[in-house]
Amino acid sequence: MTRRPTPAADFDYIVVGAGSAGCVLANRLSENPSHRVLVLEAGGKDWNPWIHVPVGYFKTMHNPSTDWCYVTEPDPGLSGRSLQWPRGKVLGGSSSLNGLLYVRGQPRDYDHWAELGNRGWAYEDVLPFFKLSEDQEHGESRFHGVGGPQKVSDLRLRRPIAEKFVAAAMETGIPYNSDCNGENQEGVGYFQQTAYKGLRWSTAKGFLRPALKRPNLKVATKAHALRILFDGNRASGIQYRQDGEVLTASARAETILCAGSINSPQLLQCSGIGDPTLLDSLGIRTVHPLPGVGRNLQDHLQIRLVYKTVDRTLNDEVNNPLKKMAVGLRYFLTRTGPMTLAASQVYVFTRSRTDLQDPDIQFHMQPLSADKPGDGVHPFSAFTSSVCQLRPWSRGEVLIKSKDPMVYPKIHPRYLSDERDCRVAVDAIKVARRIAAAPSLAPALKEEYVPGQHYQSDEELLEAARAYSQTIYHPAGTCKMGSDPAAVVDERLKVHGIDGLRVADASIMPTIVSGNTNAPSIMIGEKAASMILNS
């Protein structure tokens, strides 16, 4: 027998999702003791020790206790392959699972958002919110802040093969850049990371934990949002499931969805906000028609080249029991060494073709290799040169297949469905091979293991991209910000046609940023909080 919902508890604000943006909003909205704030997180508490060890993403990804474990539909652009799409299901969301890389994107990304009609989202508008969050190891500057909740630090690990990769990139004409989040993104250098003294610094640690002592903030874990509740055309609260019981909570001021690019559109659709044709087919009453909900999906697709090396790499340390024990002991004693490894060491932001105005591809260089991220390393010396297109034209969608909110939606990325993306993929592999052939790196290499030198023509290189590419875990755009017919939220992140409801996460990006999405998601949380508190 279905239990009747428990009568509502009253709050001023309800935040759905304690991820990169949700933890920011929880902190900022609860700073005023007169605001009663409820945060609903479908996952559990961040008690798993591997969450806090930087290299622990190898243990937390694909782990159902911390990861939603989404899988895409078979994708024609990837020769019919389905990809695993890890998403954080724990306090901190994907900031507790990700590769710790702190990358803001290019100023032009945000200027483009403003040009699309989203006033207040140009680079100079959003830069103060990046700085507000940040506690930058190198101190305050025009581009960086100090004293914020989000620790940002340099890598605590460098390897000779990475130094050779940097030198090789420079030999191909790519300039050295010590700060891809500074005045200019272009160049080669070492990533900054969301870590502090050798430990991951998630938004749960930076933003949520300091706020938990406030009596006006309630955080409910293992609380799965089921539906948005309405009073006419106003969102009045959330129905959710916790410990097998269906509960309701009302929001006097606003409900803010921070559930991410999969869960936010799913919750809207299950609640009757979306494409009426889809909703009707599933027996869901349309509360407000917004055909763009779940569409405009974008992601960064990484083409992973693996090179066997003469030089020893981290593969050798991980595969040797004694060296592996030494790695663990070093981390335990000093919080340094390979266990502080972020998802990548070296970045390259460059152009796939010389006639382009801005960098359109990004490299993530790792001093190790595996068949795919999260798998065990190869039993030989090797490194990975992963390259992704920064601003893909291909668009996918996230659409529910059941009115039951516990049923996962269909994820159709539609990678490489636009011919322009196919051209960039081919050119990107050529850039990767030029770096590998440069004088500083070539003598350290044995062979190109993946995809292999037998792929040579443009047609063959595109075939390799379809066969070997993987997601780099940056889904965005499914609740697009704008004023066009496909937009879901306006420039203040309010859902079109509904009062008291906003979306604040990577799903609101009209176009994906030129880099990793965690830092921009934190910024979106900061800006959303400011708009709410100053409205």
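Colleague: Is tyrosine 473 buried or exposed?

Modeller: This is a predicted model, and in it tyrosine 473 counts as buried, because its relative accessibility is 17% and the cut-off for buried is under 20%.

Colleague: Where does tyrosine 473 lie?

Modeller: Tyrosine 473 is in the loop that links β25 (470-471) with β26 (501-503). Its phi is positive, near 70°, and the residue is not a glycine.

Colleague: OK, zooming out. How many helices and strands are there in the protein?

Modeller: The protein has 14 helices and 26 strands.

Colleague: And what is the radius of gyration of the protein?

Modeller: The value is 23 Å, which agrees with a compact globule of 535 residues, since that would come out near 24 Å. The C-alpha trace spans about 70 × 50 × 50 Å along the principal axes. Of the 535 residues, 63% are buried. Looking at contacts with a separation of 6 or more, 70% are between residues 24 or more positions apart.

Colleague: Let's do sheets. What is the strand order in the open sheet with β22?

Modeller: That sheet has 3 strands in the order β17-β22-β23, with antiparallel pairing. The edge strands are β17 (295-297) and β23 (410-412), each pairing on one side only. From one strand to the next the twist averages 30°.

Colleague: How many bridges are there between β22 and β23?

Modeller: There are 3 bridges between β22 (residues 396-399) and β23. Glutamate 397 is opposite histidine 412 of β23.

Colleague: Which helix lies across β22 and β23?

Modeller: That would be α8, which runs at about 50° to β22.

Colleague: What does the side chain of serine 271 reach?

Modeller: The side chain of serine 271 reaches the backbone oxygen of leucine 267, at 2.6 Å. Serine 271 is buried, with a relative accessible area of 7%. Not counting residues up to four places away in sequence, serine 271 touches Arg227, Ile228, Phe230 and Val287.

Colleague: Back to sheets, then. What kind of pairing does the β5-β6-β8 sheet have?

Modeller: Mixed pairing, in an open sheet of 3 strands. Here β5 (134-136) and β8 (192-193) are the edge strands. Strand β6 (residues 150-154) is antiparallel to β8, with 2 bridges between them, and serine 153 has glutamine 193 in β8 as its bridge partner. Helix α5 (residues 123-133) lies across β5 and β6, at about 65° to β5.

Colleague: And β7, which of its faces are covered?

Modeller: Both faces of β7 (residues 187-190) are covered: Gly187 and Gly189 are buried on one side, and Val188 and Tyr190 are buried on the other. In a regular strand, side chains alternate between the two faces of the sheet. Strand β7 runs antiparallel to β19 (residues 346-350), with 4 bridges joining them; tyrosine 190 is opposite valine 346 in β19.

Colleague: New topic: what caps the N-terminal end of α11?

Modeller: Asparagine 320 does, with a side-chain oxygen 2.9 Å from the backbone nitrogen of leucine 322. Helix α11 (residues 321-334) has 14 residues and reaches 20 Å from first C-alpha to last, close to the 20 Å expected. After α11 comes arginine 335, with a positive phi near 55°.

Colleague: Last one. Where is the cis peptide bond with valine 450?

Modeller: The cis bond runs from valine 450 to proline 451, with omega near 0°. Proline 451 is in the loop between β24 (445-450) and α13.

Methods
Residues numbered from 1 in each chain as written. Predicted model: local features only at pLDDT ≥ 70, side-chain atom pairs only at ≥ 80, totals over all residues. Heavy atoms only, no water. Buried < 20%, exposed > 50% of the residue type's maximum accessible area, 1.4 Å probe, protein only. Polar contact = N/O pair within 3.5 Å; in protein donor to acceptor, adjacent residues only side chain to side chain. Contact = heavy atoms within 4.5 Å. Pairing = 2+ DSSP bridges. Axes fitted to C-alpha atoms, helices over the stretch in contact; angles between N-to-C directions. Expected span 1.5 Å × (residues − 1). Rg over C-alpha atoms; globule rule 2.2 N^0.38 Å.
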